[in-house]
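Open the model in the viewer and keep the sequence panel beside it. The stops below go from one selection to the next.

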Amino acid sequence: MNEYRDNAPECEVLWNRCLTIIKDNIREQEYKTWFEPIVAERWEDRTLTIQVPSSFYAEFVDSHYADLMKKTFDRVMGEGTKLMYSIVAESVERTKIIQAPTPSPASGFNPFARNIRPAVEPQLNPNYTFDTFVGGPCNKLGKEAGLSVAKTPYKNTFNPLFVFGGSGLGKTHLVHAIGWEVLKNNPEKTVLYVDANRFQLQFTDACLCNKTNEFLNFYQQIDVLIVDDIQFLSNKTATQNVFFQIFNYLQQTGKQIILTSDCSPKVLKGLDDRILSRFRWGLTVELEAPSQNTRMAILQAKVRNEGLLIPEEVIEYIAKNVTDNVRELEGVVVSLLAQSTLTKTEINIELAERVIGRIVNVAEKTITVESIQKLVCDYFHLNASDIQTKSRKREVVQARQISMYLARKYTKNSLSSIGEQIGNRDHATVLYACNAVSDLLKYDKTYRQSLESIENLLK
């Protein structure tokens, strides 16, 4: 809030007095979002003119805080005070009398009136539903959060829901599935999916056609807005500004926002800090690369849904050798089917080898005790030399025992040889470590997931 100054214009002095009262009657976040950006412009003829960023901003303040502002104006400046909004974005002024009666049918056109909600095509892919979304440890949190949002999008604490992860890991599938589930549970809701590039193009077209106000009014009517690949708004200042306004409006009116990106908000580049800070208001979830078991489940689901006949050993071979993302898995299945059809050959391991060899690099891994140690230390953020010491720190002991366990499982080295290479221990120590890891795997879910992640990296 602006401080009082002896030589401050009268409009500023009056507005500051109003702000003191308003601030005491609303939440701090509401005040910062909707009143701090307002600037008092002038006071004349018992009319206070305030400058706001856009027409949608004026509409929101007027529709949500009119009663509070009227009472405040009556108290500070007396009854009969009028309010005028000066719209910065449009360089025009719109007049509004705080105590104005309900408009009659003969009253002039109101650019903010929304008597009829437009029919909005949600732009959702019918194939991307929760029925076809294969869950696993890599996406469990994302799926659970998505189902929670879909159940009550109008009163959810996960707002915005920010989903990030590498290309081809299922972000788009997940947010489409949320959209469909929202419509299933709340058919009266307006859901819209749009990727950031398309949003930017729409805004550019609106500016060129002098329809920025219509663009804002359209988006502020959406109940659940899904914006895919938000990172593509990087360094697009004008588009970020309008997105910021839309985000604020939807968030403040209890609408649901769902966003995806290829990285987390804290490492996104080229986006305004005020936007990034709002991304952190809700829940941020990461989709990780699927484990071999999840990759198997994804392939089996695709084969089943498409009515394909692919031998189980071929599915297992694909899941073992195509490890980066879901998109590559599906690409291999499509290519495999095409090759089989065109060459009139059965789908077998040999055909799968040829197809995979053209799509991804399949290199034979040589697993050694040394490579296992390095991988385990990298996973636990330790130096490779740490597990060679006599340290009894919990994290070092854990890494040392897991290294011994994996070395016994994946190499042909004897217990004595493993112990010699890992801290110069004897075979009894290695055996004890292997048994300790096996016991922990039985009842410690987090420990089991960590070991599974390491094994996936190892294969």
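**Stop 1: a strand pair**

Select β6 and β7 (residues 224-228): the two strands pair in the parallel sense over five bridges. Strands here are DSSP runs of E with at least two residues, helices are runs of H or I with at least four, and both are numbered from the N terminus; two strands pair if DSSP finds at least two bridges between them. Pick Leu 192 and look across to β7, where its bridge partner is Leu 225.

This is a predicted model, in which local features need pLDDT of at least 70, side-chain atom pairs count only at pLDDT 80 or more, and totals for chains, interfaces and linings use all residues. Residues are numbered from 1 along each chain as its sequence is written, and side-chain values use heavy atoms, leaving out hydrogens and water.

**Stop 2**

**Stop 3: the end of a helix**

Move to helix α14 (residues 369-379), where the buried residues include Val 369, Ile 372 and Leu 375. Buried means under 20% relative accessible area, against over 50% for exposed and in between for partly exposed (1.4 Å probe, protein chains only). Show α15 (394-410), α16 (415-421) and α18 (445-458) as well: the buried residues of α14 pack against these helices, with contact meaning heavy atoms within 4.5 Å.
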